[in-house]
Amino acid sequence: MGVWSLLFLTILSFATLSISDPNDEACLTHLSLSLKDPTNSLQNWTKPNFANPCSGFNSYLSGATCNNGRIYKLSLTNLSLQGSISPYISNCTNLQSLDLSSNSLSGLIPADLQYLVNLAVLNLSSNRLEGEIPPQLALCAYLNVIDFHDNFLTGQIPQQLGLLVRLSAFDVSNNKLSGPIPGPLGNRSGNLPRFNATSFEGNKDLYGYPLPPMKSKGLSILAIVGIGLGSGFASLVLSFTGVCIWLKISEQKMALEESKNSQLMPDY
């Protein structure tokens, strides 16, 4: 192979690495539009960089990592970001790790995340996300980590998430979730990692193993005893008052009878 052939192949390989994937460009563009950046932490998230975000394994975008010219990791943690998570993030089809934790993001968790079939890490913890956990996340078969703690998520934990056999870390603590903990998550068997109560605590209406049994919403034993003692004391007071009134009336009657008798008795 001649020198010119080697030079041509080298130029071609670099050109291939510099070609942006249109899906990544759409993903990054829409994600940028959906976010508010009050601290200007994403200054280099600009349209020219969206068109060509990667240089080999490096990225021109802060918080992004590339692999073979594609975005495969986004880590935008603790940047005071506001806004919402664009459903267009599903266009980053090579994404393996998405970490948007410790911000002030609101809105829903996009069900479109189901199209990130290579996703292994999903950390959206410590935000202000609402709504239900999308059951479609079960389609991300490679998920190892799901961390949603400290949000405002409601509804039940989808049963389908118990199908994620690669799941090794799961945390939905401190939300507003309700209903039963899915058996495949709360009571895993075999060689599957087990999740303890700390993964689920802080959800007032969530119940089931491994959480401790819910306290009865009825009256506690102490409350019942207290009511009993209170009512007993009240009865005692009423009884005592009644006796006092009866004695007083009896004394008045006796005094009246004595007065009548003294008037009827003759003087000697």
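Mentor: In this predicted model, a residue is called exposed when its relative accessible area is over 50%, and buried when that area is under 20%.

Trainee: Does Asn68 count as buried or exposed, and at what relative accessibility?

Mentor: Asn68 is found in the loop between β4 (64–67) and β5. Its backbone has a positive phi of about 55°, although the residue is not a glycine. Exposure requires a value over 50%. Asn68 therefore counts as exposed, at 59% relative accessibility.

Trainee: In which loop is Asn78 found?

Mentor: Asn78 is not a glycine, yet it has a positive phi of about 55°. At 60% relative accessibility, Asn78 counts as exposed. Its place is the loop between β5 and β6 (82–83).

Trainee: How many salt bridges does a search of the whole structure find?

Mentor: Another is formed by Asp24 with Arg70. The pairs link Asp21, Asp24 and Arg70 in a network. For the whole structure, the search finds two.

Trainee: How many residues apart in sequence are the parts that the pair Asp21 and Arg70 ties together?

Mentor: Asp21 lies in the loop between α1 (3–18) and α2 (22–34), whereas Arg70 lies in strand β5 (residues 70–75). The pair therefore ties together parts whose separation in sequence is 49 residues.

Trainee: What is the distance between the closest N and O atoms of Asp24 and Arg70?

Mentor: A salt bridge requires a side-chain nitrogen of Lys or Arg within 4 Å of a carboxyl oxygen of Asp or Glu. Asp24 and Arg70 form such a bridge, and their closest N and O atoms are apart by 2.9 Å. Asp24 lies in helix α2 and Arg70 in strand β5, so this pair ties together parts that are 46 residues apart in sequence. The distance asked for is 2.9 Å.

Trainee: What relative accessible area does Asp24 have?

Mentor: The cut-off for a buried residue is under 20%. Asp21 is buried, with a relative accessible area of 19%, and Arg70 is buried, with 16%. Asp24 is also buried, and its relative accessible area is 1%.

Trainee: Which omega value belongs to the peptide bond from Tyr209 to Pro210?

Mentor: Pro210 has its place in the loop between β15 (205–207) and α5 (221–264). The peptide bond from Tyr209 to Pro210 is cis, with omega near 10°.

Key
Residues are numbered from 1 along each chain as its sequence is written. This is a predicted model: local features need pLDDT of at least 70, side-chain atom pairs count only at pLDDT 80 or more; totals for chains, interfaces and linings use all residues. Side-chain values use heavy atoms; hydrogens and water are left out. Helices (H or I, at least four residues) and strands (E, at least two) are DSSP runs, numbered from the N terminus. Buried means under 20% relative accessible area, exposed over 50%, partly exposed in between (1.4 Å probe, protein chains only).
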